[in-house]
Every structure is written in C-alpha cells, then in structure tokens.
Amino acid sequence: MFENKERTEISQLGEFGLINHLAGFFENKQPSTIMGIGDDAAVIDNGGNEYGLLTVDAMFEGVHFDLTFHPLKHLGFKAVATAVSDVCAMNGTPTQILISLGLSNRFSLEAVEELYDGIRVACDKYQVDLVGGDTTSSPRGLSLTVTVYGTVAKEKLSKRSGAKEHDLLVVTGDLGAAYMGLQMLEREKKVFMDHPNVQPDLEGHEYILGRQLRPDARLDIVQTLASLNIVPTSMIDISDGLASEIHHLGMHSACGFDVYDEKLPIDTQVMDRAMQFDLNPSVVALNGGEDYELLFTVGQEHYETLKSHPDFTIIGHTTANKGAYRLIGKSGAAFEMKAQGWQHFKG
Ligand code: ADP
Ligand code: MG
C-alpha cells in the first residue's frame with residue numbers, strides 16, 4: 001500500500017499533512033458513512049431523522065497537560081469537555097462516551113478516583129453516559145482518550161464546508177484566555193522550581209486559569225442556535241487557534257475570510273496579562289488555541305439577532321477570494337492571517 005522507500009520525517013508533513021496522507025489510502029465502504037475523516041466528527045446515517053456523530057480525542061501527559069499544576073479533577077472534566085466540543089461543532093448533542101485510560105504505577109486509586117470525579121461532573125453537565133472504555137498500564141505517565149457519540153437532526157448538521165459568499169463569520173465567547181492561563185501557570189511553575197519557598201501568585205487570575213484547566217464545551221450554544229432558529233452554513237470548534245480554524249473553514253468551504261482586528265472578543269484579564277507578557281492581545285486571540293469556542297458562518301439575514309446577543313461576536317465575513325485569509329486593522333490595512341496555532345509534529 002505505502003510505497004515510500006526512504007525515511008521521511010513526520011515533521012515534513014506536519015499533523016494535518018500526515019492525516020491527509022493516511023486518509024488518501026482509505027475509501028469508505030459503508031453507505032451509512034455520510035462523512036469520514038476531515039470534519040470535527042464523522043457523520044453516520046442509521047436511518048431516521050437524525051445522523052449519528054462520532055469523534056475521539058486523546059490527551060497525553062507531557063504533551064497536553066502538566067500534572068504539576070493541572071488538578072486531576074479538572075483534567076477529567078477537560079478531557080470530556082474537549083471531546084464533547086467536537087460534537088457541538090457539528091451542531092450536535094452528545095449522548096454517550098467511552099474512555100480509554102493509560103496509567104503508570106505513579107497513580108494510586110485515589111488519584112484515579114479524583115480524575116473520574118471530574119469525568120462524572122462533565123457527564124452530568126453534558127448529560128452523557130459513560131458506557132465503556134479500556135484500561136491499560138502505561139510505561140510513563142497518564143493518557144486519556146475520550147470517544148464521543150452524539151446525534152444531530154439531519155437538517156441541522158453543520159460541517160466545516162458550506163460557508164457561502166457574504167456570510168457572516170461569528171465566534172462565541174472570548175478568545176485567548178486559555179493560552180494566557182497556560183502562560184501564567186508555566187511562569188509560576190518556573191518560579192516555584194527556582195525558588196520552592198515562593199508562593200505562586202495566581203490570585204485574581206481565576207478566569208484565565210479556569211479557561212486553561214477546566215474549559216467548557218459550548219453545548220449551550222447548540223441549544224441557543226436551535227432556539228433562535230439559526231443553522232450555521234459551516235461550523236468548527238476552536239481547539240488549535242482562531243486563525244488555524246478559519247483556514248480549515250476556508251479550505252473546506254472554498255472561500256476566503258476578512259476578519260476585523262478590533263472585533264476580536266478579548267477579555268480584559270487577557271488584555272492585561274498579554275501586555276504584561278509583552279504579547280500582542282490580537283495575536284494571542286488568533287493563535288492561542290484551546291478556547292473550545294464555536295466558530296461559524298451564517299447568512300446575513302441573522303445579522304440583527306446575532307449582533308445584539310451576548311454569546312456571539314460577528315468578527316468578519318466570507319469572501320470569494322478562495323484561500324485569502326485577511327486580518328483588517330483599525331486603519332483599514334490588511335494583513336495575511338497565517339495559521340500559526342498548535343500543530344503536532346511541527347518542524
Ligand atoms: P479536531 O481538532 O477537531 O479534533 P483533528 O484536527 O484532530 O480534529 O482531526 C481532523 C480530522 O482528521 C478528523 O476528522 C479526525 O477524525 C481525523 N483524524 C485525525 N487523526 C487521524 C488518524 N490518525 N487516522 C484517521 N483519521 C484521523
Ligand atoms: Mg474540532
């Protein structure tokens with residue numbers, strides 16, 4: 001099947017290049033597979049008025065989390081929330097989850113209980129049932145893999161493709177807080193390593209710390225959109241960073257985007273912290289990642305409804321300029337918006 005003769009470094013392809021490369025060797029055989037690799041969740045047609053949605057997300061210690069500052073209970077919650085977020089990104093409702101757990105001998109029963117405490121809180125919050133999983137020993141550290149099954153009414157399915165020219169580009173909540181939270185935690189960890197007697201200075205930063213340690217999936221938005229009778233023309237969740245996700249929407253929908261810098265929703269705590277860390281708040285909002293907000297496009301007829309709604313910010317619009325992703329500054333100057341968000345295996 002694979003005909004490479006020489007050794008190729010995975011960093012030459014990057015995460016998305018690797019996925020595309022592998023996907024190219026597979027064809028769907030089942031008529032029930034409506035959509036396979038490529039969106040936030042796979043779409044399955046089992047008959048009836050709803051599609052099934054299926055997605056999996058893995059978290060590895062040392063890659064996705066650092067247990068020196070990540071409480072296990074929050075981590076359990078986060079693992080479920082980030083996986084559930086991909087079902088929300090299809091405009092769907094999660095119903096069941098499976099959890100695969102890898103544990104080294106560093107972890108006691110009490111530690112695993114703490115982790116599952118957080119998992120239980122998330123199951124209650126998102127009304128999903130934990131229906132199975134797998135447990136293995138791990139040579140090093142903790143790994144957590146969460147599979148989510150959900151459903152969506154067929155006419156409400158929102159894919160990454162489908163954005164039309166002149167659609168509004170809308171984001172929920174605010175951006176960049178999870179990234180700034182991580183910067184704070186890593187700085188305090190370093191201070192602690194160098195000076196174990198110094199107490200961490202995290203007071204007053206609860207919002208950004210919470211956004212990093214215990215992010216929420218926007219299932220409430222799926223419900224709000226339903227109550228407003230709005231079906232996005234395309235949608236994605238923000239895991240890797242706004243700019244990166246805008247590229248995904250543009251690529252799948254074959255369009256471009258103009259985004260207005262001054263419209264980016266940024267919390268004052270993020271503004272303050274970014275300045276203190278000598279970072280540009282817009283850059284943090286564009287590339288920070290791990291916000292788990294929803295990014296979607298809708299027809300202009302929804303402008304008034306969305307403009308006045310506290311959960312939504314209209315940050316731009318689609319353009320016919322396929323592959324052109326522009327950030328428009330206050331002065332009107334346009335900059336190319338590169339996808340600099342998180343990617344595994346980056347060279
Ligand atoms: P998300 O950030 O929304 O979880 P990813 O960027 O991880 O999405 O994945 C993009 C698409 O590629 C998804 O459809 C996912 O199911 C698929 N995918 C990711 N890794 C693999 C893999 N190793 N094999 C097959 N499909 C994969
Ligand atoms: Mg996603």
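Modeller: The donors of the magnesium ion (ligand 2) are spaced D-x45-D-x150-D along the chain, donors being N, O and S atoms within 2.8 Å of the metal (3.2 Å for Na, K and Ca), with water not among the atoms, so sites may look incomplete. This is a predicted model, where local features need pLDDT of at least 70, side-chain atom pairs count only at pLDDT 80 or more, and totals for chains, interfaces and linings use all residues. Residues are numbered from 1 along each chain as its sequence is written, chains are lettered from A and ligands numbered from 1 in the order written, and side-chain values use heavy atoms, without hydrogens and water.

Colleague: Which residues coordinate the magnesium ion (ligand 2)?

Modeller: Asp40, Asp86 and Asp237, each through OD, at 2.0 to 2.1 Å.

Colleague: And is aspartate 237 buried or exposed?

Modeller: Aspartate 237 counts as buried because its relative accessibility is 0%; the cut-offs are under 20% relative accessible area for buried and over 50% for exposed, partly exposed in between (1.4 Å probe, protein chains only). Aspartate 40, at 7%, counts as buried too.

Colleague: Switching topic: how is the protein chain divided?

Modeller: Into domain 1 (31-156) and domain 2 (168-336), with bounds from an automatic or database domain assignment. Their centres, taken over C-alpha atoms, are 22 Å apart.

Colleague: How many salt bridges between domain 1 and domain 2?

Modeller: Three, counting a side-chain nitrogen of Lys or Arg within 4 Å of a carboxyl oxygen of Asp or Glu.
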